[in-house]
Amino acid sequence: MVFADENEAYNTYNAYAICKGFGVRKGQKANNSKGVLRRCTFVCNCEGHSPPIPPHEQRDVYRTVKRTGCQACIKFKIKDGVWEVTNKGILTSMTGAGIRATKAYSYLCDEAGGSNNIGFTLHDCQNFLQTKRMNLICAGDCQGLINHFNYLQSNGSNFSHTFQLDEEQRLTNVFWSDGVSKLDYESFGDVVVFDTTYCTNKYNMICAPFVGLNHHWKNVLFGCAFLMDETIGSFVWAFRSFLEVMGNKAPKTIFTDQDHAMANAIRTVFPNSDHRLCIWHIGKNATQHISHLLGKPSFRDKYWHKVLYHCESEIEMESTWKAMCEEWNLGDNKWLDNMYRLRHKWCPTFGRDFFSAGIRSTQRSESTNSVFQEMACKSMTLSEFVIHYEKQLEKMRNTEIADHFEILQHAAEVYTHVIYRNFQAEFLHVLSEHVLRSETDGPLHTYIVGTGSSEWKHIVHFCPSDSTISCSCKLFEMQGWLCRHALCVLTNVAKVTNIPSKYILKRWTKVAKQETYCEDVAQSSHHAVKSKTLRLKRLMQLAFNVMNNCAINDVTEELATITLLRLRSKVTKKMNSLIGNDHVDFLVEG
């Protein structure tokens, strides 16, 4: 946009600001070497931060405007007296607040009365924001992220990552996925939700997780991407990176938000996948476009929810939509017109021939949204976000395990914390192990266990009558806790809820140091032990356990003291009675 002079430029921006509820003041100006004005900035009156008021002046000073650091602004370059806008300050502020570039551009077009009046295209908008983001990303953060990914890849966890750089070798896009996510995709990758509604780091890059649904009706994360923009090229790169990491296995169905560039990318990379629009995102978008109607039950319940969830035939959908538009005079609503053109991608009537695993339900995206909203922080570096992502991923997996496997709760009760973590890490892989084949020979059952794609298979022998189990990997024999292959048979086949006692080594339990006296007595009861050293050892072990328990509080300490004094008196009397008789050797040996 161009203006004839400073007054016209200022008045236009000020009129816009008044409509939106903020004030404007003139900011910095820059002159050339001849003193002629060449650049000027108008800012929000809340730009910057107000200096603190000394305590002794606080009663006398009242500020009509409190500066809060608002960054809304507009910049001009002046040439031959003509003022031309050079900085998309409003666009930057909107995207900085988490509004996607396409929606921010659409809003500005509406404000200007059409794209012809705005002075730049959507492509210009995306290029502008991409350049701004790339200039922000510091080299140290990029290197830190690469180092972290290289570390994860080197620890044998089957971790994968890939980067995309521009012509100047600057980071533009990132994708990563760990080994468990790949195994989850192998089992549950028939339906995928690709969500780009999160901007969760200091560079305002788009966070785009690939989400699925497992056999316990829980969300699982297959991988995640950072994208610099929402162009077809970025989406094609993300989808191809995902496809390559997942062994070129495309999903049967992919759910996304309503985005034209994303739809084009899906047709390019996943031509045989059914592209559906997520109902949850449609509901969110509806609050922005028809919010004045959603609060009315006669519209929401009678029409809107019916076309979203309940129409069972094309005829019913068409008639309901027509009646809705006529009764509420919606013929000129552009958003609804577009939704109608896309009805084959979201209306349940047109999706009955495609497998969706129930992901069209709004709870799928809501639960994922809550996970990423917990991580959302505008000050996070890329490395910090990835670490938070890993913690949330572990939390989701632990919740999944705890919800459905009592055997893990049993492990937490008996094992020490460190050993429980080792057992838990092994048990986590049960989610990706499957019984591929089984045979029965009398009381003995033999199972071939593996992940499906891996060449490594393991043989597990199980006898249900006495819960005896063994595996060819020999993990229990080497380390003392059951392996993932044995646990797969126990939990998925035998439906065992507790670890069989013979496979709980006492040395790894919380009571490893307790009650050893009884064990020693049992071991020595069949032969005479006349060594004073061994007798002292057994008594010391028992005494230590008793003293350790009695030292918990004053009551048990007093009980122990009284009992020990009585015991000492009895032992002294017994020793005196034994002196001079046949048992004297018992007293003096050693």
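Two strands are taken to pair if DSSP finds at least two bridges between them, and the helices (H or I, at least four residues) and strands (E, at least two) are themselves DSSP runs, numbered from the N terminus. The model is predicted, so that local features need pLDDT of at least 70 and side-chain atom pairs count only at pLDDT 80 or more, while totals for chains, interfaces and linings use all residues. Residues are numbered from 1 along each chain as its sequence is written, and side-chain values use heavy atoms, with hydrogens and water left out.

Strand S10 (residues 206–213) is mostly covered, eight of its eight residues being buried, where buried means under 20% relative accessible area, exposed over 50%, and partly exposed in between (1.4 Å probe, protein chains only). Ile206, Ala208, Phe210 and Gly212 point one way from S10, whereas Cys207, Pro209, Val211 and Leu213 point the other way. In a regular strand the side chains alternate between the two faces of the sheet.

| Strands | Sense | Bridges |
|---|---|---|
| S8 (residues 191–194) and S10 | antiparallel | two |
| S10 and S11 (residues 219–227) | antiparallel | eight |
| S14 and S15 (residues 444–450) | antiparallel | seven |

Within these pairings, Val193 stands opposite Val211 in S10, Gly212 stands opposite Val220 in S11, and Val435 stands opposite Val449 in S15.

**The sheet S14 to S17**

Four strands form an open, antiparallel sheet in the order S14-S15-S16-S17, and its edge strands, each pairing on one side only, are S14 (434–441) and S17 (468–471). Helix H19 (residues 484–492) packs on this sheet and touches S14, S15, S16 (458–463) and S17, contact meaning heavy atoms within 4.5 Å. The direction of H19 makes about 45 degrees with that of S16, where axes are lines fitted to C-alpha atoms, for helices over the stretch in contact, and angles run from 0 to 180 degrees between N-to-C directions.

**Helix H1**

Helix H1 (residues 6–20) has 15 residues and reaches 21 Å from its first C-alpha to its last. Glu6, Ala9, Tyr13, Asn14 and Ala17 are buried in H1; seen down the helix axis, the buried residues fall within an arc of 120 degrees, so they line one face, the arc being that of the directions from the helix axis to the C-beta atoms. The face turned away from the buried side carries the exposed residues Asn7, Ile18 and Cys19. Just after H1, Gly21 takes a positive phi of about 95 degrees.

Terms used: The expected span of a helix is 1.5 Å times one less than its number of residues.
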